[in-house]
Amino acid sequence: MKYTCTLIAVKDMEKAKQFYHDVLGLEVVSDFGANVTLTGGIVLQTADTWKNFIHKQEKEIIFGNNACELYFEEDDIDSFVKKLNSIKNILYVHPLFEHPWGQRVVRFYDLDQHIIEVGENMNMVVKRFINTGLSIEETAIRMDVPVDYVKSCCA
C-alpha cells in the first residue's frame with residue numbers, strides 16, 4: 001500500500017487552480033478537466049464529478065466543515081504572511097500566531113472553505129530560537145522536543 005495524494009472537491013476548477021497557484025505557488029502537473037493534479041500531491045476534483053463518484057446528491061457534499069486541513073510549511077513565514085495579507089478576499093481562520101512549542105502558523109480558507117494551514121518550517125523555528133541565544137538544550141525545553149531533534153535541525 002502506498003499513499004498517493006489528497007483529493008478535494010471544488011466548485012469552480014479554473015478559480016481553484018488559480019487560487020492554489022497564486023497563493024501557494026502550486027503548479028499543474030496534469031489537467032484532465034474535471035480532475036487536476038497539482039504539485040505537492042493535491043488533486044482537485046469538480047464537485048459534480050465527485051458527487052457521482054461517491055454516489056451522493058450535491059446537497060450532501062458539505063463544504064466548510066472545519067474537519068481537516070491542507071498543511072504546508074514555509075521557511076520565511078513573515079514574507080508569506082505579508083504576501084497573503086496583500087491578496088484580496090482571503091478569509092482567515094485566524095491570523096499568524098505562535099503555538100506553545102514556538103512554531104508560527106496562519107490558517108485560512110480556500111475558495112471552497114477548505115482550511116489551509118501554513119506553518120513555519122520546524123528547522124526555522126529551531127534556528128530562530130538558537131539565534132536568540134538559547135542553547136540547544138534550552139531550545140529543546142522551549143519546544144518540548146528531544147535534544148537530538150534540535151541537533152538534527154542544526155546540522
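**Entry 1: helix H3 and its neighbours**

I looked up what the buried residues of H3 pack against: helix H1 (13-24), strand E5 (69-74), E6, E7 and strand E8 (115-120). I am working from a predicted model. H3 itself runs over residues 77-85, and its buried residues are Ile77, Phe80, Val81 and Leu84. I then checked how they are placed around the axis. Their arc is only 95 degrees, so they lie on the same side of H3.

**Entry 2: H1 against H3**

Two packed helices are described by the angle between their axes and the distance between the axes. I looked up both values for H1 and H3. The angle is about 135 degrees, and the axes are 10 Å apart. That makes H1 oblique to H3.

Which residues meet here? From H1 I noted Asp22, Val23 and Leu24. From H3 I noted Phe80, Lys83 and Leu84. By class, this contact of H1 with H3 has four nonpolar residues, two charged ones and no polar ones. Phe80 and Leu84 also belong to the buried set of H3.

**Entry 3: Arg107**

Next I went to strand E7, residues 104-109, where Arg107 sits. Is Arg107 buried or exposed? I found a relative accessible area of 16%; the cut-off for buried is under 20%, so Arg107 is buried.

I then looked for side-chain partners. Arg107 makes a polar contact of 2.9 Å with the side chain of His94. With the side chain of Glu117 the polar contact is 2.8 Å. I also listed what Arg107 touches, leaving out residues up to four places away in sequence. The list holds Glu69, Tyr92, Val93, His94, Phe97, His99, Ile115, Ile116 and Glu117.

**Entry 4: Phe97**

Phe97 was on that list, and I followed it up. Phe97 lies in strand E6, residues 92-98. Its relative accessible area is 33%, so Phe97 is partly exposed. Beyond four places in sequence, Phe97 touches Gln103, Arg104, Val105 and Arg107. I also took one distance. The C-alpha atoms of Phe97 and Asn121 are separated by 14 Å, and the two residues are 24 apart along the chain.

**Entry 5: two residues with positive phi**

I checked backbone angles in two loops. Gln113 is in the loop between E7 and E8. Gln113 is not a glycine, yet its phi is positive, about 70 degrees. With 30% relative accessibility, Gln113 counts as partly exposed.

Asp144 is in the loop between helix H5 (136-143) and helix H6 (147-154). Asp144 is not a glycine either, and its phi is positive at about 60 degrees.

**Entry 6: the whole chain**

Last, I stepped back to the overall picture. I count six helices and eight strands in the protein. Along the sequence they follow the pattern β-α-β-β-β-α-β-α-β-β-β-α-α-α. The C-alpha trace spans about 55 × 40 × 25 Å along its principal axes.

The protein has 155 residues, and 37% of them count as buried. Of the contacts with a separation of 6 or more, 49% join residues 24 or more positions apart.

Technical notes:
Residues numbered from 1 in each chain as written. Predicted model: local features only at pLDDT ≥ 70, side-chain atom pairs only at ≥ 80, totals over all residues. Heavy atoms only, no water. Helix = DSSP H or I, 4+ residues; strand = E, 2+ residues; numbered from the N terminus. Buried < 20%, exposed > 50% of the residue type's maximum accessible area, 1.4 Å probe, protein only. Polar contact = N/O pair within 3.5 Å; in protein donor to acceptor, adjacent residues only side chain to side chain. Contact = heavy atoms within 4.5 Å. Arc of directions from axis to C-beta. Axes fitted to C-alpha atoms, helices over the stretch in contact; angles between N-to-C directions. Parallel < 35°, antiparallel > 145°, perpendicular 65-115°, else oblique. Nonpolar A, V, L, I, M, F, W, Y, C, P; charged D, E, K, R; others polar.
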